[in-house]
Structures are given as C-alpha cells and as structure tokens.
Amino acid sequence: MAAAETRNGRGLRWALIGSAVLNLLLLGFFIGGWIAHERHPPRPVVGDVSLGAFTGALSPEDRDALRKAAQARGSEFRDMRRQARSDMTALIAAIDAEPWDRAQVAELLERHKARTVQRVDIGEQLILDRLDAMSAEARHSFAERLREGAARFDKRKKDREDAPKPKP
C-alpha cells in the first residue's frame, strides 16, 4: 500500500508542478502582451488631422485636442475608408469593363466626391468646435499664425511667378 501511495503522491506532485508551470506560462503571456501594448499601442483610427493651413497655425495643444476629437469620430472614418476601398474595386472593374459604362463610372466618382465632401464637413465642424473652445487670446494668436502662413504662401507664389522662365 505504501508503494501505491508513493505513486499517487508522485502523480499528484507532477500534476501540481505541471499546473504551476502552465500558470506561470499564462501569466508570462499576459504580462508580455500588456508590456508590448504599453510600448507599442495600437495605431489610432485617425493618425493625424490635416486641415491645410489651419493645421500649421494651431498650437500643439490645439492640434492634440483636434486629433482626439477626430479619433472620437473614428467609426465614421473607418466606414468611409471601407466604402472607399469597395468603391475603388468597383471603379477599377468598371473602367476595365467591355463595354465601358460611363454612367457607372460617373456614379462611383460621385460617391467618391460625396465622401470627400463629408470628410471636409467633419473637418470644418472639428475646427469650429476647437475655435469655440479657445480663449479670445488663443483665437487671436491662431489668427496671427494664419495671417503669417498666408503671407509666406503669397510670397512663395509671387517668387515663382517672378522667376525667369526656362526657354523652350
């Protein structure tokens, strides 16, 4: 009977050791995943918000707030990207089709334009919301940076126009 108890005791010991090893492996897996997530978080739905001249004139804090506001509307951007991919596949097929169907291509281009307008509308709403949140002083600073950016743009445009044209 002592031999049977020894075998059962050994079996129980190995089961406990196996369980402890499995628990440690699982713990390591989850801790490793957590550390990796902290070091390399998932990409945001909206990486950066670009609103042309407005973006450069915003303070870093305002740019960050604008990015967060856009990320809050991430599902809209995801849906638009998904629709754009689907429409691009359809557009390529329609352009490549024989016979060529101008009306189908025009409809797909119209949907692309509508999505572009929708994105511009979202950007407009985000910048208006950001302007509402700014103090009068911050708004005046923003306007001054826009003014300076517009002046630089005008100067570059004038310099290009005044540059000697290459002879054909």
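Helix H4, residues 74-96, has 23 residues and spans 33 Å from its first C-alpha to its last, close to the 33 Å expected at 1.5 Å a residue; the expected span is 1.5 Å times one less than the number of residues in the helix. The model is a predicted one, in which local features need pLDDT of at least 70 and side-chain atom pairs count only at pLDDT 80 or more, while totals for chains, interfaces and linings use all residues. Residues are numbered from 1 along each chain as its sequence is written, and side-chain values use heavy atoms, with hydrogens and water left out.

The overall fold comes next. The secondary structure comes to six helices and zero strands, and from the N terminus on the elements run α-α-α-α-α-α. Helices (H or I, at least four residues) and strands (E, at least two) are DSSP runs, numbered from the N terminus. Of the 168 residues of the protein, 15% count as buried; here buried means under 20% relative accessible area, exposed over 50%, and partly exposed in between, with a 1.4 Å probe and protein chains only. The accessible surface comes to about 13300 Å², and carbon and sulfur atoms hold 60% of that surface. These areas come from the Shrake-Rupley method with a 1.4 Å probe, and for residues only the protein chains shown count as cover. Among contacts with a separation of 6 or more, 62% are between residues 24 or more positions apart, a contact being heavy atoms within 4.5 Å.

The mean pLDDT of the protein is 81, and 85% of its residues reach 70 or more; pLDDT is the predictor's confidence in each residue, from 0 to 100. Where pLDDT is low, the predicted coordinates should not be read in detail.

Back in H4, the buried residues are Gly74, Phe77, Met80, Asp87, Leu91 and Ala94. Their cover includes H3 and helix H5 (102-133). Isoleucine 92 is also found in H4, but this residue counts as exposed because its relative accessibility is 51%.

The loop between H4 and H5 holds proline 99. A cis peptide bond joins glutamate 98 to proline 99, with omega about 0°. Most peptide bonds are trans. At the start of H5, a side-chain oxygen of aspartate 101 reaches to within 3.2 Å of the backbone nitrogen of alanine 103.

H5 itself has 32 residues and reaches 47 Å from its first C-alpha to its last, close to the 46 Å expected at 1.5 Å a residue. Val105, Leu108, Arg115, Ile122, Gly123, Leu126, Ile127 and Arg130 are buried in this helix, and the buried residues of H5 pack against H2, H3, H4 and helix H6 (136-162). Arginine 115 counts as buried because its relative accessible area is 9%. Leaving aside residues up to four places away in sequence, arginine 115 touches Met80, Gln83, Ala84 and Asp87.

The largest nonpolar core has 11 residues: Ala57, Leu58, Leu66, Ala70, Phe77, Met80, Ile122, Leu126, Ile127, Met134 and Phe142. Such a core is a set of buried Ala, Val, Leu, Ile, Met, Phe, Trp, Tyr and Cys residues joined through side-chain atoms within 4.5 Å. H3, H4 and H5 are the elements that give two or more residues to this core, and the largest share, three residues, comes from H5. Leucine 58 touches Arg63, Leu66, Ile127, Met134, Phe142 and Arg145, not counting residues up to four places away in sequence.

Polar groups complete the picture. Serine 59 lies in the loop between helix H2 (53-57) and helix H3 (60-72), and is buried at a relative accessible area of 16%. Its side chain makes a polar contact with the side chain of aspartate 62 at 3.0 Å. A polar contact is a pair of N or O atoms within 3.5 Å; within protein, one must be able to donate a hydrogen and the other to accept it, and residues adjacent in sequence count only if both atoms are side-chain atoms. Aspartate 62, in helix H3, is buried with a relative accessible area of 7%. Aspartate 62 touches Arg130 and Met134, not counting residues up to four places away in sequence. The C-alpha atoms of aspartate 62 and arginine 130 are separated by 7.2 Å, although the two are 68 residues apart along the chain.
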